[in-house]
Amino acid sequence: MKQNILRGRDIISMADFSKEDILYILRVADQVKKSNPNRLLSGCLMGSCFFEPSTRTRLSFEAAMKRLGGDVIGFADSSTTSAKKGETLYDSIKIIGQYVDIIVMRHPVDGSARRAAEATDTPIINAGDGSNQHPTQTLLDLYTIKESQKSIDGIHIALVGDLKYGRTAHSLAQALSHFNVRLYFIAPPSLQIPPHIANHVKAKQVKFSFHEKLDDVLPKLDILYMTRIQEERFSDSMEYNRVKDVFRLTLDQLGAVRPSMRILHPLPRVREIDPSIDATPHAYYFQQAQNGLLVRQAVLSLVLGKIE
Amino acid sequence: MPSKTLSVAAIKNGTVIDHIPQGTALRILALLNLTSYPKIATVGLNLPSQSMKRKDLIKLEDREITQEEASQIAVFAPKATMAIIRNYAVIKKIPLRIPDTVEHVFLCHNQNCVTNKDRMSSKFRIIQTGSSIHLECVYCERMYSQDQMKNYIHDV
Ligand SMILES: [Zn+2]
């Protein structure tokens, strides 16, 4: 068996991971799913450092740790920490790193996770640094794609919604460019994927195209990845009202899709996916959320060096 | 006027930075924090050049550019030549090498970047694709073209 290449490593950005690293993590997630090793992390302590609230992500990490027999200390928002008193992130993390075996960190500032990793030898897992990275989200997306389609190579996948500001879409597009996939970027022109992401994908020789409407590409897809369009991204509300319905998926649009096509969404959804779709075999977003627990269990076990 | 007689006076001691892309000399002066240099600095703009049609040139009296500064200059002027002058003679040519990273030179434009929030140095990875150079913030991962890097850090 391959040596654990993630032991003691920080999980900061998908840019740090090779295709082999990604596939390795996904395999270990499968292993965790099959064996359910509920004492694996007993005696290990996780620092759950949420400098901004994110209940969903925090509960997912804390459940992952406790389900493996580990323990958790931490805080759910920064109003109770010394960051409020003007302490630098560097100092805060240096101290917390002395207490725990692993730090899971969420912070509103871009690049804060990389900075935190410089402050301590304790491994840092980035649970979202501003609009930059959220690597376990991307890993769970990849796990879900692989689980639902058996393989990542060979699939046709559309990313839909706010592709300009959405870090989920950026990170997923970059990670997918390690694989032999066909990408469709579907967004209003003002919210299309930024050039540096498109260039990255291009450099990896992955085929992609831009679209303004879903219906043109729906029949070709294996995965439809929907994301939120936030009203505050628009300078004028007329424009928002126009696009919010264009990027809304309804049951009647699913007539011509492949039977194996699956719909993903990082959740929470607002109105991008009509609830009537939930009952169809195409809806896969709740399984996706559930996979978050598995992937986080795998990442925690790997970084803590408790699994090969 | 022919270029030979136009060229700026020779210096006794200091540095000559030649073959700077047209329009870049002033940025290099700003980068090196030389806009208020107390000694003689001669700047030539839009000089005729055989290899590059038009070029900029900088001569700094009594100032020897370090290897580190030379790397920073290379980010903007990859084909520049730099020579250290002592007693009117070139005693050393500084080889230009585009560095892998530049630290504590440029400011990240992203106001929400940790380098603009915490007390710390900036750091950019230099990404070279063909003839174009981009700088990627090591922290927030934003990507900038070299033309976008206009804010420099100068410690007081
Ligand atoms: Zn930055």
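Predicted model: local features only at pLDDT ≥ 70, side-chain atom pairs only at ≥ 80, totals over all residues.

Q: OK. How many helices and strands does chain B have?
A: Chain B has three helices and nine strands. Along the sequence, the pattern runs α-β-α-β-β-α-β-β-β-β-β-β.

Q: How does the radius of gyration of chain B sit against the globule rule?
A: The radius of gyration is 16 Å. The globule rule gives 15 Å for 156 residues, which is close, so chain B is as compact as a globular protein of that length.

Q: And what does the C-alpha trace span?
A: For chain B, about 50 × 35 × 25 Å along the principal axes.

Q: What share of chain B counts as buried?
A: Of its 156 residues, 46% count as buried. The cut-off for buried is under 20% relative accessible area. The accessible surface of chain B comes to about 8600 Å². Carbon and sulfur atoms hold 50% of that surface.

Q: Let's do sheets. What is the strand order in the open sheet of four strands?
A: The order is β6-β7-β8-β9, in chain B, and the pairing is antiparallel.

Q: Which strands stand at the edges?
A: β6 (101–103) and β9 (143–145) of chain B. Each has a single partner strand, so one side of each is left without a neighbour in the sheet.

Q: What does the twist average there?
A: The twist averages 30° from one strand to the next.

Q: How many bridges join β7 to β8 in chain B?
A: Six bridges. β7 covers residues 123–129 and β8 covers residues 132–137, and the two run antiparallel. To see the pairing, find F124(B), which stands opposite C137(B) in β8(B).

Q: Which helix lies across β6, β7 and β8 of chain B?
A: Helix α3 of chain B, residues 67–76. Helix α3 runs at about 115° to β8(B).

Q: Switching to chain A. At what angle do α1 and α9 pack?
A: At about 110°, with the axes 8 Å apart. In chain A, α1 is residues 19–35 and α9 is residues 285–303.

Q: So how do I describe that angle?
A: Angles of 65 to 115 degrees count as roughly perpendicular. α1(A) and α9(A) are therefore roughly perpendicular to each other.

Q: Which residues meet there?
A: From α1(A), the residues include Y24(A), I25(A), V28(A) and V32(A). Among their counterparts in α9(A) are L294(A), V295(A), A298(A) and L302(A).

Q: What about the phi of N46(B)?
A: Phi of N46(B) is near 55°, again positive in a residue other than glycine. N46(B) is found in strand β2 of chain B, residues 41–49. Its relative accessibility is 38%, so N46(B) counts as partly exposed.

How values were computed. Residues numbered from 1 in each chain as written. Chains lettered and ligands numbered in written order. Heavy atoms only, no water. Pairing = 2+ DSSP bridges. Axes fitted to C-alpha atoms, helices over the stretch in contact; angles between N-to-C directions. Contact = heavy atoms within 4.5 Å. Rg over C-alpha atoms; globule rule 2.2 N^0.38 Å. Buried < 20%, exposed > 50% of the residue type's maximum accessible area, 1.4 Å probe, protein only. Areas by Shrake-Rupley, 256 points an atom, 1.4 Å probe, with all protein chains shown as cover. Parallel < 35°, antiparallel > 145°, perpendicular 65-115°, else oblique.
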